Amino acid sequence: MADTSKRTIVLTGASDGIGAVAARKLAGPDVDLIVVGRSASKLAPIAEATGARSFTADFSRLSEVRELADSIAASVTSIDVLMNNAGGTFDAKDITPDGHEPNFQIDHLAPFLLTNLLRDRLAAADASLVLNTASVGNLFGSVDLDDLDWSKRRTMGMRPYGTAKLMNILFTRGIAQRWTDDKIYSAAVHPGPAATSFGRDSWFVGLAYRTPLKRFATITPEQGAAPLIALAERGADPTVNGVYFDKHKANGRENKQAHDQALIDGLWSRSAELVGL
Ligand SMILES: NC(=O)c1ccc[n+]([C@@H]2O[C@H](COP(=O)([O-])OP(=O)(O)OC[C@H]3O[C@@H](n4cnc5c(N)ncnc54)[C@H](OP(=O)(O)O)[C@@H]3O)[C@@H](O)[C@H]2O)c1
């Protein structure tokens, strides 16, 4: 069980990229760090280097997300910062075992479920922050509440990814509007084009991120992790509630759907239905 004198931070997607950098930076004597990945062997060196407790779950299986929430809830009394950072771009044709389009499930539905299942622990802190790693890609997203799984529309390149990242912002606003009585606040952040393993299955991203073009097109994983670390350290600040940061800058450029109240509410209720909340 956690040491309650420390701040408890839960960080998903800690096995690689900006999450791994953030885990190493956030670890310290005043922090009870929990790192989450999908591969135990890949996560082990991060857990060892940071002294964090570690849990694994593949977000393409919602049953694993439920087990993850149970395991975390059993090991902490409260959570000060939940960093929903796991995610990436996935081929829209690879339907998950739960029958969903993978960008929708891994980038939105799974963290939506995890966060809701950990709500009690977030409420148990004096005040808490849910920090969602979104993306500038939200600008080319398009949420259709009647086609969340892209069965009716053409997927076209990274559009399902951009849409899922737009959902991260809508979810952030959903939390901001619903959970402030419990002093649970939420912010979203675009880390910048960090040269991580991001877009590993996309030749287009690979071209910019893993060729000599990388020098011009990308920033380092350390630079990408910096805004997340800054917001996690800032913690439960009501002034960031519902705010989308473009790197360190509040109120970054957003898709016009990002403030659509019908979508904020509709996405919340459709997602809750889909995960059985
Ligand atoms: N890098 C960028 O340019 C950029 C820009 C905008 C937003 N972002 C966002 O930043 C976040 C972190 O990305 P990154 O750049 O650090 O990429 P990364 O190096 O590929 O790391 C992604 C992390 O998410 C985990 N993950 C992927 N699929 C998962 C699944 N099915 N279940 C559970 N965990 C899964 C990965 O686990 P494994 O280690 O097992 O693969 C890894 O820990 C993502 O949400 C991404 O959308 C990145």
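Let's start with a pair of helices. The crossing of α3 and α4 is right-handed: the near helix is turned clockwise from the far one by less than a right angle. Helices here are DSSP runs (H or I, at least four residues), strands likewise (E, at least two), numbered from the N terminus.

Before going on, two notes. This is a predicted model: local features need pLDDT of at least 70, side-chain atom pairs count only at pLDDT 80 or more, and totals for chains, interfaces and linings use all residues. Residue numbers run from 1 along each chain as its sequence is written.

Back to the pair. Helix α3 spans residues 62-75, and helix α4 spans residues 102-117. Their axes come within 9 Å and cross at roughly 25 degrees; axes are lines fitted to C-alpha atoms over the stretch in contact, with angles from 0 to 180 degrees between N-to-C directions. So α3 and α4 are roughly parallel to each other, the term for angles under 35 degrees. Which residues of α3 meet α4? Leu62, Val65, Arg66, Leu68 and Ala69 do. Contact means C-beta atoms, placed from the backbone, within 7 Å.

Next, α2, residues 40-50. Leu43, Ile46, Ala47 and Thr50 are buried there. Buried means 20 or more other C-beta atoms within 10 Å of a residue's own, exposed means 12 or fewer, and partly exposed is in between. Why do these four sit on the same side of α2? Because they cover an arc of only 100 degrees around the axis, taken from the directions of the C-beta atoms. On the other side of α2, Ser41, Pro45, Glu48 and Ala49 are exposed. The buried residues of α2 pack against α1 (17-26), β2 (31-37) and β3 (53-56). Just after α2 comes Gly51, with a positive phi of about 75 degrees.

Now α1. Eight of its ten residues are buried, so α1 is largely enclosed by the rest of the structure. The buried ones are Gly17, Ile18, Gly19, Ala20, Val21, Ala22, Ala23 and Leu26. They pack against β1 (7-12), β2, α2 and α9 (221-234).

On to the core. How many residues are in the largest nonpolar core? It has 82, all buried Ala, Val, Leu, Ile, Met, Phe, Trp, Tyr or Cys joined through C-beta atoms within 7 Å. Among those with the most contacts inside it are Leu11, Ala23, Leu33 and Leu170. Helix α6, residues 159-178, gives the most to this core, with nine residues. Leu170 touches Val143, Ala258, Leu263, Ile264 and Leu267, leaving out residues up to four places away in sequence.

Trp268 next. Its place is in helix α10, residues 261-275. With 20 C-beta neighbours inside 10 Å, Trp268 counts as buried. Trp268 and Arg173 are 95 residues apart in sequence, yet 10.0 Å apart in space, C-alpha to C-alpha.

Last, backbone angles. Most residues other than glycine have a negative phi. Met156 is not a glycine, but its phi is positive, about 50 degrees. Met156 lies in the loop between β5 (128-133) and α6. Is Met156 buried or exposed? Exposed, with 11 other C-beta atoms within 10 Å. Lys247 is not a glycine either, and has a positive phi of about 55 degrees. The loop between β7 (243-246) and β8 (249-250) holds Lys247. Lys247 is partly exposed, with 17 other C-beta atoms within 10 Å.

Methods. Two residues are in contact if their C-beta atoms, placed from the backbone, lie within 7 Å. Angles under 35 degrees count as roughly parallel, over 145 as roughly antiparallel, 65 to 115 as roughly perpendicular and the rest as oblique.
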